[in-house]
Amino acid sequence: MMSLSDAALTRLRDVVDRPDAGDRYAVHELLGRGGMGAVYRATDQLLQRDVALKVLPPEHPEDIARRLEREARVLAALEHPGIVAIHDAGRLADGRPFYVMRLVRGRRLDEQVRDETPGERLRRFLAVCDAVSFAHSKGVIHRDLKPANVMVGEFGEVLVLDWGVAKRAAEVAGDTSHVLSAETGDTGDGVAVGTPGFMAPEQLIAAAAVDVRADVFALGALLRELMTGGKVAAPLRAIIAKATAPTASDRYPSVDALAADVRAWLDGASVSAYAEPVWEKALRFYRRNSALILLLLAYVVVRLFILWWRGV
Amino acid sequence: MNKPVLGLVAGGVLGIFDGLTALVSAPEVAPQIAGIVAGSCAKGLVAGMLIGWFAKKVNNLTAGVVFGLAMGALFALPFALMPDPTTGQKYFWEILIPGSLVGLIVGFLTQRYGAMVLARR
């Protein structure tokens, strides 16, 4: 009996799964496949522009269909420059739910920052914080923040993607379903929400206990990932340690608080997570005010010179 | 602190300090120190306010520093040209150089540390 290679099987699966999106959308190549459906590049025939179309496979449980529809509604509620915009949603002729969003052309955040300075990396991180903080203000918790879910667009904009496991804060309290891992593609009860390494410990134990501090944990892990490959300053290490504290109550209470500390470090100000020794405080003060200190020293030197000149 | 207020405060404080240094650089003027300090403070307040006002209008560090230096020199000049009433001795460079430097420092301070006041609608 002839056996098919893995590549041939994948190709066959792609052809079978390729959605027929009717007259409105012409579906092109597969961009990616995750735990909750596949994303294709498509052309909106009406508006004549490329879009990304996310759709479930032909065989899917109904609760996953509801989850995709909820993801679409969550995205629709989050109109922010740092969150990918949704354009359309509905069901295909074969009953598969789909939604259409902006096609992001760019690179993953971790790939983008490889050649960037620590300052540039931190500014990108702050842009992620800004988007996540906005989502929190709308009562939405992402629950799966990681480098793969953050893209840097062609204009340098930072976009948080994949809100598939996001929940409204009110829903999280009553959530017992657990969910899926985008890495493994697993779905269903008993599988923790998120991605190992970026998932807060409480996400493993009980989804009911998850609040915005789970995203704070993931952002801390993301920050650690972004800063690898170079020497990380002690205050930044302290920020990462506080954000990724195993106990939620030991973390920053909000993403804004985390961002404020990162911003303070960037501005050369003191960081709440770091107990600074006196000599470091003095050095930081000197660095922030070196020009003024040198000017005042110049004044003293001039005064001393005049004393010497006059022979006092 | 907004720029004119910062200029006023910095000019006044540095003016007092600059006046007091006369006790060290020219101890013979000790009997007139109160007048020297008051004059130096007044000079600092006026110059500081002008420098702060300039910083509010022109948001440029170099321009602010140059304007501060010029104002410091301008306001120090009459005092530098004034001879000691008792000895008749002049302290031209001893007053002009530190006075100009104080103006420069106030110019830098207002540009670097002064807050911009946004117009209210």
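# Strands, helices and a contact between chains

Visitor: Which residue of strand 3 of chain A is the bridge partner of A:Thr43?

Guide: In this predicted model, A:Thr43 is bridged to A:Asp50 in strand 3 of chain A. A:Tyr40 has its own bridge partner in strand 3, A:Leu53.

Visitor: What makes strand 2 and strand 3 of chain A a pair?

Guide: A pair needs at least two bridges between the strands. Strand 2 (residues 37-44) and strand 3 (residues 49-55) of chain A are joined by seven, so they count as paired. They run antiparallel.

Visitor: What lies between these two strands, and which residue in the turn has a positive phi?

Guide: Strand 2 and strand 3 of chain A form a hairpin with four residues between them. In the turn, A:Gln48 has a positive phi of about 55°.

Visitor: How do you know that strand 1 of chain A pairs with strand 2?

Guide: The test is again at least two bridges. Strand 1 and strand 2 of chain A share seven bridges and run antiparallel, so the pair qualifies. A:Arg33, for example, has A:Ala38 in strand 2 as its bridge partner.

Visitor: What is the order of strands in the sheet with five strands, and which are its edges?

Guide: In chain A the five strands form an open sheet in the order 1-2-3-5-4, with antiparallel pairing. Strand 1 (25-34) and strand 4 are called edge strands, as each pairs on one side only. On average, neighbouring strands of this sheet are turned by 25° against each other, with direction ignored.

Visitor: What makes strand 4 and strand 5 of chain A a pair?

Guide: Five bridges join strand 4 (residues 86-91) to strand 5 (residues 97-102) of chain A. The requirement is at least two, so this is a pair. The two strands run antiparallel, and A:Asp88 stands opposite A:Val100 in strand 5. They form a hairpin with five residues between them, and A:Gly95 in the turn has a positive phi of about 95°.

Visitor: Which helix lies across strand 2, strand 4 and strand 5 of chain A?

Guide: Helix 2 (residues 62-77) of chain A does, running at about 30° to strand 5.

Visitor: Why is helix 4 of chain A called roughly antiparallel to helix 9 of chain A?

Guide: The axes of helix 4 and helix 9 (residues 255-266) of chain A come within 9 Å and cross at roughly 160°. Angles over 145 degrees count as roughly antiparallel, so helix 4 of chain A is roughly antiparallel to helix 9 of chain A. Their crossing is left-handed. By class, this contact has ten nonpolar, three polar and two charged residues.

Visitor: Why is helix 1 of chain B called roughly antiparallel to helix 5 of chain B?

Guide: In chain B, the axes of helix 1 (residues 3-20) and helix 5 (residues 92-113) come within 9 Å and cross at roughly 150°. The cut-off is over 145 degrees, so helix 1 of chain B is roughly antiparallel to helix 5 of chain B. The crossing of these two helices is right-handed. Their contact has nine nonpolar, four polar and two charged residues.

Visitor: How many residues of chain A are in contact with chain B?

Guide: Twelve residues of chain A are in contact with twelve residues of chain B. The side of chain A that touches chain B has ten nonpolar, no polar and two charged residues.

Visitor: Where in chain A does pLDDT stay under 50?

Guide: Over residues 176-189 of chain A. Where pLDDT is low, the predicted coordinates should not be read in detail. The model has 35 contacts beyond four places in sequence for residues 176-189 of chain A. Chain A averages a pLDDT of 85, and 89% of the residues score at least 70.

Terms used. Residues are numbered from 1 along each chain as its sequence is written. Chains are lettered from A and ligands numbered from 1 in the order in which they are written. This is a predicted model: local features need pLDDT of at least 70, side-chain atom pairs count only at pLDDT 80 or more; totals for chains, interfaces and linings use all residues. Two residues are in contact if their C-beta atoms, placed from the backbone, lie within 7 Å. Ala, Val, Leu, Ile, Met, Phe, Trp, Tyr, Cys and Pro count as nonpolar, Asp, Glu, Lys and Arg as charged, and the others, Gly among them, as polar. Axes are lines fitted to C-alpha atoms, for helices over the stretch in contact, and angles run from 0 to 180 degrees between N-to-C directions. Angles under 35 degrees count as roughly parallel, over 145 as roughly antiparallel, 65 to 115 as roughly perpendicular and the rest as oblique. A crossing is left-handed if the near helix is turned anticlockwise from the far one by less than a right angle, and right-handed if clockwise. pLDDT is the predictor's confidence in each residue, from 0 to 100.
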